[in-house]
Amino acid sequence: MPATPDQPVISMRDVVKRFGSQTVLDGINLDVYKGETMVIMGGSGSGKSTTLRLMIGSFLPEEGEIWFFGEPTCGMGEAEFNGIRRRFGILFQSGALFNSMTVAENVALPLREHTDLDPAIIDITVKIKLELVSLREHADKYPSQISGGMKKRAGLARAMALDPEILFYDEPSAGLDPVTSAQIDKLMVNLSQQLGVTSVVVTHEMDSAFTIADRMAMLDKGRILRVEKRSWFEQLRDTPEAEAATLDDDHRLIRQFLRGDPDGPITDRSSDVGYEQDLFGDSASFPTAVPSLEPTRGG
Ligand SMILES: Nc1ncnc2c1ncn2[C@@H]1O[C@H](COP(=O)(O)OP(=O)(O)O)[C@@H](O)[C@H]1O
Ligand SMILES: [Mg+2]
């Protein structure tokens, strides 16, 4: 069934992911609609990359369901899921280029592996993809000969090789200087506007998130606190201090994260584990006589 504008292209329903005894994602519900850019944000270790890896099928959930283009993926065999994976482009943190291949060869790789196209057609397609990311004149360079930003752009051209309907990005601006990272943001916006690609972007960088997002999902400790349009988060970020004091915990936590404030619920939480408990462990009663820090002889 083809996806309609009202039908999510990706749907996560009550998804739970565990690694051993650790529950990393605890009941994720998230819909991504055709053509939109969904930013998944949250602190380090909140489960962003795991969410992305579940979407692209590199992990399976312990509970819940993930739907693509209106079809449940649970129970799909590897071959059937590969049919869906063909409709994805993925840009990993590092760009993940093969160092022994030129930029053009890297971009050609998915076309060689997944299509029967004539080499001449592949060459033209590669040129078009490289032009999209302004790298056409660097086609014959090796990854070691280009900058970090250019590697990211080359990775993006490769992710675009098979004309994906959905692009997944994990921390696309990680490790880039502010100007280069702004250029990547601009490129992502252009691709989404010109080609209508649906994008799912994981990031903790708020400047980037507010530049590219249509909607944003705030992840915290494996739960989605809120999914809203970008403007909702902008308004929360810009809520004055006096007004913010009257907000509930979740709102204040999201506001602190969006603003990058040093003080707030996120900070309070990390110091919640009492100092005494930290020193003396979980033993119910801690000594009333606090050990003296004075040096003691013969101790
Ligand atoms: N393959 C794995 N095996 C075990 N634990 C993992 C694995 N991947 C992630 N985790 C754990 O899951 C939690 C969330 O990780 P991750 O999704 O990478 O967070 P984020 O991308 O938001 O920084 C972390 O505590 C991490 O240690
Ligand atoms: Mg991550």
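The model is predicted: local features need pLDDT of at least 70, side-chain atom pairs count only at pLDDT 80 or more, and totals for chains, interfaces and linings use all residues. Residues are numbered from 1 along each chain as its sequence is written, chains are lettered from A and ligands numbered from 1 in the order in which they are written, and side-chain values use heavy atoms, with hydrogens and water left out.

**The surroundings of ligand 1**

The shell around ligand 1 consists of Phe19, Gln22, Val24, Gly43, Ser44, Gly45, Ser46, Gly47, Lys48, Ser49, Thr50 and Phe59. A residue is counted as near the ligand if one of its heavy atoms lies within 4 Å of it. Helix H1 gives the most to this shell, with three residues. By class, the shell has three nonpolar, eight polar and one charged residues. In this scheme Ala, Val, Leu, Ile, Met, Phe, Trp, Tyr, Cys and Pro count as nonpolar, Asp, Glu, Lys and Arg as charged, and the others, Gly among them, as polar.

| Residue | Protein atom | Distance to ligand 1 oxygen |
|---|---|---|
| Gln22 | polar side-chain atom | 3.1 Å |
| Gly47 | backbone N or O atom | 3.0 Å |
| Lys48 | backbone N or O atom | 2.9 Å |

Taken alone, ligand 1 exposes 560 Å², and the protein buries 61% of that. Accessible areas come from the Shrake-Rupley method with a 1.4 Å probe; for residues, only the protein chains shown count as cover.

**The sheet that contains E2**

Strand E2 belongs to an open sheet of four strands in the order E2-E1-E4-E5, with antiparallel pairing. E2 and strand E5 (71–72) stand at the edges, each with a single partner strand, so one side of each is left without a neighbour in the sheet. Two strands pair if DSSP finds at least two bridges between them. Nine bridges join strand E1 (residues 8–19) to E2, and Val16 has Asp26 in E2 as its bridge partner. In the hairpin of E1 and E2, two residues lie between the strands, and Gly20 takes a positive phi near 60 degrees.

**Asp31 in strand E2**

Asp31 is found in strand E2 (residues 22–33). This residue is buried, with a relative accessible area of 19%, where buried means under 20%, exposed over 50%, and partly exposed in between (1.4 Å probe, protein chains only). The side chains of Asp31 and Ser11 are joined by a polar contact of 2.4 Å. A polar contact is a pair of N or O atoms within 3.5 Å; within protein, one must be able to donate a hydrogen and the other to accept it, and residues adjacent in sequence count only if both atoms are side-chain atoms.

**Two residues with positive phi**

Most residues other than glycine have a negative phi. Phe69, in the loop between strand E4 (63–68) and E5, has a positive phi near 50 degrees. Asp163, in the loop between helix H5 (148–159) and strand E7 (166–170), also has a positive phi near 50 degrees. Phe69 is buried, with a relative accessible area of 4%, whereas Asp163 is exposed, at 54%.
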